[in-house]
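Subject: Structure for your review

Dear colleague,

Please find below the structure that I am handing over to you. A short account of the findings follows it.

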Amino acid sequence: MSSPTLDQTFENLNFSHKKLPSREYDNCTFVNCDFTETDMSVVTFLECKFDTCNFGSVMMKETSFQDVVFIACKMLGIDFSKSNDFMFAVKFDHCIMDYASFYGFSIKNTVFDDCSLKEVDFTKADLIGSVFNNCDLINAIFEGANAEKTDFRTAKGFIIDPESTVLKKAKFSKSGLMGLLSKYDLKVE
């Protein structure tokens with residue numbers, strides 16, 4: 001691995017269709033950068049921030065995200081399940097993450113604030129203690145996930161089967177209960 005890149009800000013850069021060098025980025029900020037079809041495999045991001053970046057079709061094999069914040073990023077179809085789960089800690093704020101995958105991945109205590117998570121695959125993911133604040137979860141898949149202590153109170157559009165998803169001590173609003181009962185085809189008035 002190359003020597004670490006420390007405390008730098010990268011603005012308005014186009015990394016698309018490139019391979020990022022296998023190195024550690026520590027306390028770096030990326031603003032309005034394009035990572036479309038970038039290969040970020042075996043790269044480590046420690047305490048970094050991505051603001052208004054585009055991550056279309058990014059390759060993240062063994063990419064490490066430790067205390068990383070994504071703000072207003074476009075992350076369509078990203079497969080986080082290929083990244084490194086060691087000390088994985090991220091926060092997503094106002095991101096568009098439709099069609100992303102966390103299949104079988106541990107994202108404990110992850111905060112999603114005002115994110116679009118349409119058709120995201122959380123199958124068999126470990127979501128313990130995660131928070132979905134004002135998130136759109138239309139057609140997201142939670143089959144076999146562990147959503148224990150997860151906060152869905154302000155989330156919308158989700159349909160979760162309580163028989164195939166661990167929901168012990170998960171938090172829901174009264175209006176969100178319909179997302180848990182939809183498979184029973186009940187009429188609640």
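A residue is called buried when its relative accessible area is under 20%, exposed when that value is over 50%, and partly exposed in between. Leu76 has a relative accessible area of 33%, so this residue is partly exposed. Please bear in mind that the model is predicted.

Leu76 sits in the loop that runs between strand E7 (64-71) and strand E8 (84-93). Together with Ile96 and Tyr99, Leu76 makes up a nonpolar patch on the surface, and the accessible area of the three is about 270 Å².

I turn next to the charged side chains. Side chains of opposite charge can pair when their charged atoms come close. Lys108 is partly exposed at 43%, whereas Asp126 counts as buried at 18%.

Another salt bridge joins Asp136 to Lys118, with 4.0 Å between the closest N and O atoms. Asp136 is buried, with a relative accessible area of 13%, while Lys118 is partly exposed at 33%.

Asp151 and Arg153 also form a salt bridge, at 2.7 Å from N to O. Here Asp151 is buried at 10%, and Arg153 is partly exposed at 44%.

Yours sincerely

Key:
Residues are numbered from 1 along each chain as its sequence is written. This is a predicted model: local features need pLDDT of at least 70, side-chain atom pairs count only at pLDDT 80 or more; totals for chains, interfaces and linings use all residues. Side-chain values use heavy atoms; hydrogens and water are left out. Patches are made of residues with over 30% relative accessible area and no salt bridge: like charges are joined within 9 Å, nonpolar side chains (Val, Leu, Ile, Met, Phe, Trp, Tyr) within 5 Å. Accessible areas come from the Shrake-Rupley method with a 1.4 Å probe; for residues, only the protein chains shown count as cover. A salt bridge is a side-chain nitrogen of Lys or Arg within 4 Å of a carboxyl oxygen of Asp or Glu. Helices (H or I, at least four residues) and strands (E, at least two) are DSSP runs, numbered from the N terminus. Buried means under 20% relative accessible area, exposed over 50%, partly exposed in between (1.4 Å probe, protein chains only).
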